[in-house]
Amino acid sequence: SLTISKGAVEFKNVSFHYPESDVPVLRDLSFSVQPGETLAILGSTGSGKTSLFQLVPRLYDVTEGEVLVDGKNVMNYPIEKLRKGIGVVPQEAVLFTGSITENIGWGKEDATSDEIISAAVDAQIHETVEKLPNQYDTRVGQRGVNLSGGQKQRLSIARALVRKPKILMLDDSTSALDLKTEGKLLKALRTYSCTTFIITQKISTAMEADHILLLDDGTVEAWGTHEELLNTSPLYVKIVQS
Ligand code: CTP
Ligand code: MG
C-alpha cells in the first residue's frame, strides 16, 4: 500500500489560510526537493515557516494547490502511513512525564534499547543522558529532572530519528545549540540520507543546505543556494550582514 518510499517533496502553487481565519498565511508557493536533499527555510517571525511545515504531515491541509510526496498528493496517503514516514520536531520541544527511554521511543514502542541509544548519540544527547542519576531510566517531565531548552530539543530530535524517517522536519530545533554541537548533529543527520527541512535563523546552517527558501510574508522571496541568494536577493544579503 501507499507509504513514503523516497522522500521527494514538491509544493505546487500552494496557498494556505487557517480554518478560523481568511487571512492568507502562505501564497502561491512552488518548489521541489529531491530525496535526501536538505532545504533550509529562513524568514522573519510570522513569515509562515511553521505553517509551511504543517502542510507536509497534514497537520493542516492546503487551501489551494498541492503538496506532493514522491509525486503523489499527500491527500491520497492514508494519514498514519504519511506521518510514519515523516519525523517532525516541533518548535517547542514536548517532553512527557516518563523516562528518557520512553520519551525517545514515544510513537515507536517497538524500538530496541540499541536503537534508542543510537538515536541519542546522533542527536548529540547521549553524553548528557549518561551523566544523569539513572541514565536512560531517569525520569523527566513533572517531578523528574529538569532539562535545559537545548537538552529538550535534542531529546525531541532523538525521538524523530529513532523512527528513521524518510523526511525529517526541524522547526528551529537547533536554536539553543552551540555551533560545535550543531555541526556534529548536522553531520550525523547526513548518515540518515533523509530529505531534511530545517527552519533556522542561522546563516551558518543555511549555507550547508542544498537549497535555501527565504519566506517573506507568506511568499517565496528567494530560492537557491547561498551563493545564488547573495547575488539575487537584497533581503538575503541584509540577513547575512545583520
Ligand atoms: N497564525 C494563525 N493561526 C495559527 C498559527 C499562526 O493565524 N494557529 C498566523 C500567524 O499570526 C502569522 C502567520 O500565521 O501571521 C504565520 O505564522 P507561522 O507560520 O507560525 O510563522 P513563523 O514563520 O513560523 O514564525 P516564528 O519565526 O515566530 O516561529
Ligand atoms: Mg514558527
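The structure is a predicted model, in which local features need pLDDT of at least 70, side-chain atom pairs count only at pLDDT 80 or more, and totals for chains, interfaces and linings use all residues. Residues are numbered from 1 along each chain as its sequence is written, chains are lettered from A and ligands numbered from 1 in the order in which they are written, and side-chain values use heavy atoms, with hydrogens and water left out.

**Overall fold**

- The chain contains 10 helices and 12 strands; helices (H or I, at least four residues) and strands (E, at least two) are DSSP runs, numbered from the N terminus.
- The radius of gyration of the chain is 18 Å, close to the 18 Å that the globule rule gives for 242 residues, so the chain is as compact as a globular protein of that length. This radius is taken over C-alpha atoms, and the globule rule is 2.2 Å times the number of residues to the power 0.38.
- The C-alpha trace spans about 50 × 45 × 35 Å along its principal axes.
- Of the contacts between residues at least 6 apart in sequence, 68% join residues at least 24 apart; a contact means heavy atoms within 4.5 Å.

**Burial, surface and charge**

- Of the 242 residues, 48% count as buried. Buried means under 20% relative accessible area, exposed means over 50%, and partly exposed lies in between (1.4 Å probe, protein chains only).
- The chain exposes about 12000 Å², of which carbon and sulfur atoms supply 48%. Accessible areas come from the Shrake-Rupley method with a 1.4 Å probe, and for residues only the protein chains shown count as cover.
- There are 25 positive and 31 negative side chains, and the centres of the two sets lie 6 Å apart. Lys and Arg count as positive and Asp and Glu as negative, while His and the chain ends are not counted; the place of a charge is NZ of Lys, CZ of Arg, CG of Asp or CD of Glu.

**Magnesium site**

- The magnesium ion (ligand 2) has Thr-50 (OG1) and Gln-91 (OE1) as its protein donors, at 2.0 to 2.4 Å. Thr-50 belongs to helix α1 (residues 49-54) and Gln-91 to the loop between β6 (86-89) and β7 (98-99), so the pair ties together parts that are 41 residues apart in sequence.
- Donors are N, O and S atoms within 2.8 Å of the metal (3.2 Å for Na, K and Ca); water is not among the atoms, so sites may look incomplete.
- Thr-50 is partly exposed at 27% relative accessibility, and Gln-91 is partly exposed at 39%.

**Two buried helix residues**

- Arg-154 lies in helix α6 (residues 149-161) and is buried, at 13% relative accessibility. Leaving aside neighbours within four places in sequence, its contacts include Ala-123, Ile-125 and Leu-177.
- Thr-205 lies in helix α8 (residues 203-207) and is buried, with a relative accessible area of 3%. Beyond residues up to four places away in sequence, Thr-205 touches Glu-182, Leu-186, Ile-198 and Thr-200.

**Positive phi angles**

- Most residues other than glycine have a negative phi.
- Asn-13, in strand β1 (residues 9-16), has a positive phi near 50 degrees and is partly exposed at 45% relative accessibility.
- Ser-193, in the loop between α7 (179-190) and β10 (195-199), has a positive phi of about 50 degrees and is exposed, with a relative accessible area of 54%.
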